[in-house]
Amino acid sequence: MQHEGSVRQNEIEITEDLTIPKLFYQQARKYGKDRVAMREKEFGIWLPITWQDYLENVKYIALGLISLGLEDGDKVAMIGDNRPEGLWAEIATLCARGIGVWLFRDCLIDEVRYIIDHSDTKFLFGEGQEEVDKAISIFNECPKLQKIIWDDPKGMRNYDEDYLISLKEVQQLGRELEKEQPDLFEALINKGQGEEIALLFYTSGTTALPKGALLSHHNMLTMGQHLMAVDPCLDTDDYVSYLPFAWIGEQMMSISCGLQIGYTLNFPEEPETAQENIREIGPHVMFAPPRMYEQMTRTVQVKYLDSTWIKRKFYEFSTYVGYKVANLKFGKKPVPWYWKALEWLATISVQKKLKDHLGLSRVRNAYTGGAAMGPDHFRFFHALGVNLKQIYGQTEVAGISVVHRNGDIKFDTVGHPIPGTEVKIAEDGEILTRSPSVFLGYYKNPEATEKTLIDGWLYSGDKGFIDDDGHLVVFDRTKDVFTLKDGKPFAPQYLETRLKFSPYIRDSWVIGDKKDYISAVLCIDYSVVGKWADEKKLNYTSYQELSQMPEVYDLVEKQILQANKDLPDVAKVVKFINLYKELDADDDELTRTRKLRRAFVEKRYEDIVAALYSDNDAVHIDTIIKYEDGRQAHIKTDLQIRKVAN
Amino acid sequence: MTVSNEVGEGEVLLELEDIHMSFGKVAALAGISLKVHKGEIHSIIGPNGAGKTVMMNCVNGLYHPQKGTISYKGRRINHLKPYERAKLGMSRTFQKVEVFGGMTVLDNIRLGRHIHLKSGIASGSVWAGKTAKEEIEHRRFIEEQIIDLMEIEHIRHKPVGMLPYGLQKRVELGRALALEPELLILDEPLAGLNLEEVEDMARFILDINEEERWKITCLLVEHDMGVVMDLSHRVFVLNFGYMIVDGPEVIKAYLGEEDLYATRR
């Protein structure tokens, strides 16, 4: 393979002095107007934005913020989709010596209020009408908040609050300030020091209110450098930025790595078009939480079920070969020539096309992290020939600390620590990390900081061990680990991800800590099961009705039997129930990154849990649920409890 | 926004005078008169079979009334065919979506640009020079003005027949807008939509009525009283061929204050 670009990770020396704005300024002047820094799809066309444009936009926003009264260390929050303006706002904040705070776009008003208030945010960048509405409704409750800045004019014609200002006006203020003080921007950038706080990042928190992690410039930059030392990228590479900026993984890829390497960031047209846009770009590197890969797997499985006999046979052949070859590689065994020949056949007949459809045809390294990924999903991608790697990290290390290396991939581990990072296991099994990327502490929460940061070691709250090959195995969140009937520890996530490998099951929740047997609460995938029911000529009107059909229970039972296979008897699912609704982050059942909030659901559905461990074969539900559009519905139903015929 | 039916202010864009339309012995419209003012949203309500759709069909030329005058911008248009009225700046959507199911969203909307195509058959058949340039301009218009407004970026290359009903309605509205009309006739744009889709559609209607770019006068037939009262500048009530009222007080009396918003729960 020939690359025009150069491997650059060694060229940037990270000193105590270096900050994100300094690096940004350096790169922008180096690449100038000859190189595309980012692209955004607008009106059906990919519009390029050069480093020169990038620099100018950032400069005027930064100066605009200064002219609005931003002072050193003031917090500036951002909310909205992935788009150039969002990133400009963040870099501009850092250039103006502020601290960036990102919010998830789908945050409910209460979450927005909590974060804006807790972080003492002074300025808020919202995208358009929706974000502005949210901000206006909390404006009076957040006394520190002074201005709300918006950039999408759609629907904004009737707003006249004096604390609203458009991004264009902010940039205009910046231009005026530049005329008065032409050297100000550079002076601001040169003032920065590496150990200063760059970002205040709120963790999603499966257990409690979000905590604000303080990350320095040095944290972010060393993170990018260490990851890129493992898997170098080129400045000619493409990366698609479509996951929320409020997720540390996206910050790591777009800013920590993106600025150092100088690869092109691509922003999709709309969130709904992301998958299609990824295919158009064909990124070289990808980092996504397991749910994105799970979604891809589901898409392939569903299309497979839908396709014609001959296509199914080809697919079966290619996956058979793919799995065989992947297993040989996992076992570090040589691949015999005849398997290589078959692999070639599988590649040209199915896999190449399939990868293209998933947007993975050019991917050199695909990473997954943020939550546990099931071995089934993991093998699926390797069988397809995608170099998928697990990573392990958290917001508190500004991204990741452990990653798989090429040719040394084990699907039940997360690999080796990245350079500059030490990982050890405490006596009770907790994973501890030490590296230059470990965060500075939690904002306004010294107790939590004391518990998490001890002698420079980060106490992760995750349990794990290091295996014979030196790979880290992450077991589960410490508090989530089950004790089975035979006294052995058991990670519920393992079983949950196995269950989710079925295209019919969207979410799963496994119960059984210190109980006689394991049971599961499952959420069917409405569209996939719905389609299956249509083909079987089964009538239903709602999710709730569909989930309770005996035929659907039979279908789900089959999926459970598949997941139960090869598990010891005590770890098998014995009873299950189909929930009447999907688990939702808006109901606090999942975090914004779609992790199950176990303690919360256990409390909320305590009747169901009790019924699963009684002799009843149904549980009565009488509850009110709220739909996303604000309507409420009274649900009165009996949920069936099914015993699996193991 | 307040509903007021006082006739007077504003330029009259469309005027119906004493319209009679019968099918056999059934008088669907028996002497209807109304005025539609420029820049406003006018709604017509009434029970099923009241003649609302017949009236719309008369306005846009699918039906020709037996008696009465239809004038548009002061000009009598009774004799004009639908496509001639379209050229005058009138477009519509239908109660049951009338889209070309086998064509893509983009092609459906392109069709709405038909009346703005200037190049002839000769240049069109070789697709060069003027036609190619024109095509690009139309595509730009569609992308920047319509697809962006209707928020249908994710489906632009999908065949319309495969889309859910709510999206088909949006595509149909998009096609009607592609004509760049001055008067837009919307025949039950909200029927069969769920609450979220209703809210989106109501927002689009307000956008095309209020945005400087569009400023389109809308004639709306709708059963959803909550939305009608929220959107409209004027409301007419039609009852089996007769215009019985045009005033908010009477509407309240007719429907009851509480029922106004009880239509969609």
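Residues are numbered from 1 along each chain as its sequence is written, with chains lettered from A and ligands numbered from 1 in the order in which they are written. Since the model is predicted, local features need pLDDT of at least 70 and side-chain atom pairs count only at pLDDT 80 or more, while totals for chains, interfaces and linings use all residues.

## Where the parts meet

Let's begin with the two chains. Nine residues of chain A and 10 residues of chain B make up their contact, where contact means that the C-beta atoms, placed from the backbone, lie within 7 Å. On the chain A side there are six charged residues, two polar and one nonpolar. Here Ala, Val, Leu, Ile, Met, Phe, Trp, Tyr, Cys and Pro count as nonpolar, Asp, Glu, Lys and Arg as charged, and the others, Gly among them, as polar.

Now for the domains, whose bounds come from an automatic or database domain assignment. In chain A they are domain 1 (20-194 + 234-283), domain 2 (288-479) and domain 3 (481-643). The C-alpha centres of domain 1 and domain 2 of chain A are 30 Å apart, and 12 residues of domain 1 of chain A touch 14 residues of domain 2 of chain A. On the domain 1 side, α9 (248-261) and α10 (274-281) of chain A each supply at least two residues, with α9(A) giving the most, four residues. That side holds five nonpolar, six polar and one charged residue.

Chain B splits into domain 1 (1-89 + 181-265) and domain 2 (100-180). Their contact takes 13 residues from domain 1 of chain B and 11 residues from domain 2 of chain B. The elements giving two or more residues to the domain 1 side are α2 (82-87) and α7 (195-210) of chain B, and α7(B) gives the most, with five residues. By class, the domain 1 side has eight nonpolar, two polar and three charged residues.

## Strands of chain A

Helices (H or I, at least four residues) and strands (E, at least two) are DSSP runs, numbered from the N terminus. Two strands pair if DSSP finds at least two bridges between them.

One open sheet in chain A has four strands in the order β2-β1-β11-β10, with mixed pairing. Its edges are β2 (45-50) and β10 (238-240) of chain A, each with a single partner strand, so one side of each lacks a neighbour in the sheet. Neighbouring strands of the sheet are turned by 25 degrees against each other on average, direction ignored; the axes are lines fitted to C-alpha atoms, for helices over the stretch in contact, and angles run from 0 to 180 degrees between N-to-C directions. Helix α2 (residues 51-68) of chain A lies across β1 (36-42) and β2 of chain A, at about 70 degrees to β2(A).

| Strand | Partner | Bridges | Paired residues |
|---|---|---|---|
| β10(A) | β11(A), residues 264-267 | three bridges | D238(A) and T264(A) |

What about β4(A)? Five of its five residues are buried, so this strand is largely enclosed by the rest of the structure. Buried means that 20 or more other C-beta atoms lie within 10 Å of the residue's own, exposed means 12 or fewer, and partly exposed is in between, with C-beta atoms placed from the backbone. In a regular strand the side chains alternate between the two faces of the sheet. Both faces of β4(A) are covered, with I99(A), V101(A) and L103(A) buried on one side and G100(A) and W102(A) on the other.

The expected span of a helix is 1.5 Å times one less than its number of residues. For the 14 residues of α6 (residues 165-178) of chain B that comes to 20 Å, and the end C-alpha atoms are 20 Å apart, which agrees. Of those 14 residues, 12 are buried, so α6(B) is largely enclosed by the rest of the structure. The cover includes β6 (90-93), α3 (105-112), α5 (130-150), β7 (183-187) and α7 of chain B. Just after α6(B), E180(B) has a positive phi of about 55 degrees.

The 17 residues of α11 (residues 290-306) of chain A should span 24 Å, and the end C-alpha atoms are 24 Å apart, which agrees. Its buried residues include P290(A), Y293(A) and R298(A). They pack against elements including β12 (285-288) and α13 (337-358) of chain A.

Finally, L88(B) lies in the loop between α2 and β6 of chain B. L88(B) has 15 C-beta neighbours inside 10 Å, so it counts as partly exposed.

Note on methods. Contact = placed C-beta atoms within 7 Å.
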